[in-house]
Amino acid sequence: MPPYIPAMKGGHHGIYHRRIDYCNSGNCNYQTDLATVVPMTIEIHNLTKMYAGSRGLLPISFTVEKGELIAVIGHNGAGKSTLLKTIAGWHLPDSGSVLIDGDPVSDRKKVVRKIGFVPELPSLFDAFSVEYNLTLFARLFRTPSSRIEEVLNEFDLLPFRYSVVRNLSKGLRQRVSIGRTLLADPPILIFDEPTSSLDFDITREIHDMLRGFHASGKTIIFTSHRPDEIRSLATRVIILRKGLLVFDGSPDSYFSSKDAEPIHIS
Amino acid sequence: MMPPLITLTLNDLAIAVKNKSVLLIIFIPFFVFISLKLVDQSGRNLPKATVGVVRSEAYAPGMIRAMKAAGTLMTLLPVTDEAEGMQRLRDKKIDGLLLHSALTRDRFVLVVQKKEAVQTLVIIESIATLQQVVEGKGSSWISEVRATEDGGIGKQLLPTWILMLVLLVGFIVMPAQVAEEKEKKVLLSLLQTPMGEIEWLGAKIASGMILSAVAIATLHLLSQDKPENILNYVLFILLGCFCFCSYGIFLGLLCQNQASARTLGVIFYLPHLLPCALADYSPQLSAYSRFLPSYYLIEPVKALLFTNFSMSHFTPELLYLSAVGVITMTFSYLLIKKRWLLS
């Protein structure tokens, strides 16, 4: 096992762990294997994106270092999802810029393989099977078909490969959504409320995945309302309030600050 | 306390208002009323007809004099030869063409687009009246009425069914499909792959064209009706499919969800279909339909089904349909590129 992959806690929830076993067993022939993951930096300069009703992002700037695991938190409507969607290229900013290792996020051809975005609600072709969805996106990413097998295996989706997505549970759909994002193995992963309205077991499973991705060197940004999630996962916390960045620091300093309580009460 | 049945009924009505389905309830009767009003000729003066006469033909002098004198009923338009006359007939510049009958001396063949059209009835009625006035009793000046669109009622209705299929895919299927991808954010996920906006648009248009083409091919196979010039016909059908699929994708991108896409689709579908389908029965609808892209599909389809015109005859129609397709595709591209209305 590569040294940067920690042994996972949680027994059967170690899905990401299984990927290592799978690859070590000689099945993994995907080019960008775990050992070759190259983490990226994100630079955000004076980013603004406003909606009607003065909601959105006011000019905010920050930099994300390689391999960080950042929790973006704030009240509903604070601009968390807008920030993530703008970084992922789902939105175009009104002004300012997002650079991924020096390349503007608007230059899709250059950054499309560097960022993977997992939306809050899985955006899948839900009338089709899990395998169909993965195959479609694998073809669009021009990844070898063997990668589909790897993802199905890594995310424990083999028993559901022929299941129609709309018939799957919420947790499984989220797993398929994450698996699809991981097809191209991007070094930056962005999750919009990855555990929102999921049960305890699925939440723990996703936490394990996030830890695994982080341990493999990926840069991760996620939004959350759960203090336990932020405390156990994040290496850095960013707070947005009414579109402005009001806190940027470690989880410890966040939980000891006066900013913590009002957000979680909301 | 309101009974649950009433509460749910009111909720369903509220949903119909919210997703704009209620617009259809108002729009369809209103639109059908206007169309029928335009088709209904009762109580109205008969429209003036334009009749083509070939310069080199030897028409009976009495007939030509009488037709010229009856300026309120018809206008005579001299044409160089039969070919020019047929072209003008196809372009609807004239309503009928008088040709010398090969069988009967001093009698003529009236060539029209459709025997059942209002203008055909006007010409026949007017000439019969004039003949009565000039010659009194005697055999009619017109010995035969020949339609360019002849081949049984099935073949005559075929262009309307074809237009219906193309518009159905363009305005009903495509907008709903696009709106579904938008609603479920699948479109944004697809745009997170190396695939570009143009490729997405191209794939959507191609799928719509294939659906329309398969439907039309099946219709032809079942009806056993073949166009005179298959290659030109296929090219025109494909161009029409491109135009309306592109149009439909643009409409889909304007909608937030499938329900509103279906409503908007029907609102565009009927005004593009009915005036063109009923144009032969109403000069008013015929005049209105000239503003619609569907007119520039159905007219060449009719002509290619019944005659052997070459593509060069349809240059304006080709340009019009291509322009509508390209313009709506450009708007769609801009909407996606700028991520407008996508989230």
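Which residues of H5(A) are buried? The legends below, which describe a predicted model, begin with this helix.

**Figure 1. Helix H5 of chain A and the residue that follows.** Helix H5 of chain A spans residues 146-154 and is mostly covered, with seven of its nine residues buried. The buried residues are Arg147(A), Ile148(A), Glu150(A), Val151(A), Leu152(A), Asn153(A) and Glu154(A). Just after H5(A), a positive phi of about 55 degrees is found at Asp156(A).

**Figure 2. The open sheet of chain A.** Six strands of chain A make up an open sheet with mixed pairing, in the order S6-S7-S8-S3-S9-S10. Strands S6 (115-118) and S10 (244-249) of chain A lie at the edges; each has a single partner strand, so one side of each is left without a neighbour in the sheet. From one strand to the next, the twist averages 15 degrees.

**Figure 3. Pairing of S6(A) with S7(A).** Strand S7 of chain A (residues 188-191) runs parallel to S6(A), and four bridges join the two. Within this pair, Leu189(A) in S7(A) stands opposite Gly116(A).

**Figure 4. The largest nonpolar core.** This core contains 126 residues, of which Leu83(A), Phe213(A) and Trp200(B) touch the most other members. Helix H9 of chain B (residues 230-254) supplies the largest share of the core, 14 residues. In soluble globular proteins, nonpolar side chains tend to be buried together.

Figure 5. Leaving aside residues up to four places away in sequence, Trp200(B) touches Val178(B), Glu181(B), Leu187(B), Leu190(B), Met195(B), Ile249(B), Leu253(B) and Ile336(B). A second, separate core has 32 residues, including Met67(B), Leu76(B), Val109(B) and Ile127(B).

Definitions and conventions
Residues numbered from 1 in each chain as written. Chains lettered and ligands numbered in written order. Predicted model: local features only at pLDDT ≥ 70, side-chain atom pairs only at ≥ 80, totals over all residues. Heavy atoms only, no water. Core = buried A, V, L, I, M, F, W, Y, C linked by side-chain atoms within 4.5 Å. Buried < 20%, exposed > 50% of the residue type's maximum accessible area, 1.4 Å probe, protein only. Contact = heavy atoms within 4.5 Å. Pairing = 2+ DSSP bridges. Axes fitted to C-alpha atoms, helices over the stretch in contact; angles between N-to-C directions.
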